[in-house]
Amino acid sequence: MKKNLSVKNKRDILLVTLLFTLLGGIFILFRLFAFQGEAAVANVYYGNSNEPIVSIDFVNYRVIKNYDQNVSNSYDQIYPIIDEAEGTITLLGDYELSGVRQIVVIQYHYGNKTVQIIQEQSPNNICSREGVSSGWPLICLPNRVRVEFGTTPEDFTV
Amino acid sequence: MTQMRKMTLLANFLAIAIVLNIIESAIPIIPVPGAKLGFANIVTLIILYVYSFKESFAITLLRVVLVALLSGKLLGITFYMSLSGAVFATLAMGFFKKLDFFGFVGVSTLGSVFHAIGQIIAGIFVIGSTAVLFYLPIMLLLSIPAGALTGIIAQRFYKIWQAWHNDIT
């Protein structure tokens, strides 16, 4: 029994080391090669939709609102709000505090081609702590707002 | 008598698992959605070794549902992700324990890896985007030290448990 256990312990150590090096290697390769191309566009999505609600075009320096969010009449604004001067987009997230849906504020930067979630309400504030992103998708889970990058701008010339 | 003791012990284990789960979800260590230490998994692992897969699976499911109920997230998006992760992890740990090739730490690490995979699969459906896959490499990498740590703690506990168990029977 004692011997059997120590054999298993050796296997365990081997397994953990092997897995760690393998997955560590994959992680480093992924980090190095996945975000080679510069992002041309960042799409902001809400909920399960695959239609971006707002598109940030880093090539032509503009922000395009594709459609409005469906919000009940108790909210006196029309979301998303795009503030070109501040470089922010304000959406209404799914996370509620005493029955009121909270806003998610996304800041974009044309020059650096980056996006950052600067304000959001959620238990752990994970997506605003993720910081500035230039290719990494930002996912705000309780709010169901996400930002994804694309390398080819969609047909914005029309 | 043994049946009654088993029931009481399982109820205690469930309570411990719920508390561990709630505590660990309040400590966000790394800013990655869904990344946790997985201390609640210690209980799953211990029950797997003390009793069997059946009990371990039942307690894990109850833990996920009850924690969601207590934190008001039942049937929310994060609920499905943790449910899928927990089911994947428990199935994987049950399988690798049956295989009888690895010890505590190995089984726990593999369970942890499968937890990450299950979570990401649920995430793809729940969020409706494959963007979640970008988190898979970091989640897998982080799951290994977390799983190993969980395994070490469970192994320590199991040794103490065996000594204690032999004393009372």
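Tutor: A residue is called buried if 20 or more other C-beta atoms lie within 10 Å of its own. Please keep this cut-off in mind, and note that the model is predicted.

Student: Why is F58(A) called buried?

Tutor: F58(A) has 23 other C-beta atoms within 10 Å. The cut-off is 20 or more, so F58(A) counts as buried.

Student: Where is F58(A) found?

Tutor: F58(A) lies in the loop that joins β2 (54-57) to β3 (62-65) of chain A.

Student: What makes a residue a contact of F58(A), and which residues are they, leaving aside neighbours within four places in sequence?

Tutor: Two residues are in contact if their C-beta atoms lie within 7 Å. With those neighbours set aside, F58(A) is in contact with A39(A), A40(A), V41(A), Y110(A) and K113(A).

Student: Why is α5(B) described as largely enclosed by the rest of the structure?

Tutor: Of the 24 residues of α5(B), 20 are buried, so the helix is largely enclosed by the rest of the structure.

Student: What span is expected for helix α5 of chain B, and what does the helix reach?

Tutor: At 1.5 Å a residue, 34 Å is expected for α5 (residues 104-127) of chain B, and the helix reaches 34 Å from its first C-alpha to its last. Just after α5(B), G128(B) has a positive phi of about 75°.

Student: How many residues of chain A are in contact with chain B, and which element gives the largest share?

Tutor: In chain A, 29 residues are in contact with 24 residues of chain B. The largest share of this side of chain A, 14 residues, comes from α1(A). The side divides into 16 nonpolar, five polar and eight charged residues.

How values were computed:
Residues numbered from 1 in each chain as written. Chains lettered and ligands numbered in written order. Predicted model: local features only at pLDDT ≥ 70, side-chain atom pairs only at ≥ 80, totals over all residues. Helix = DSSP H or I, 4+ residues; strand = E, 2+ residues; numbered from the N terminus. Nonpolar A, V, L, I, M, F, W, Y, C, P; charged D, E, K, R; others polar. Expected span 1.5 Å × (residues − 1). Buried ≥ 20, exposed ≤ 12 C-beta atoms within 10 Å, placed from the backbone.
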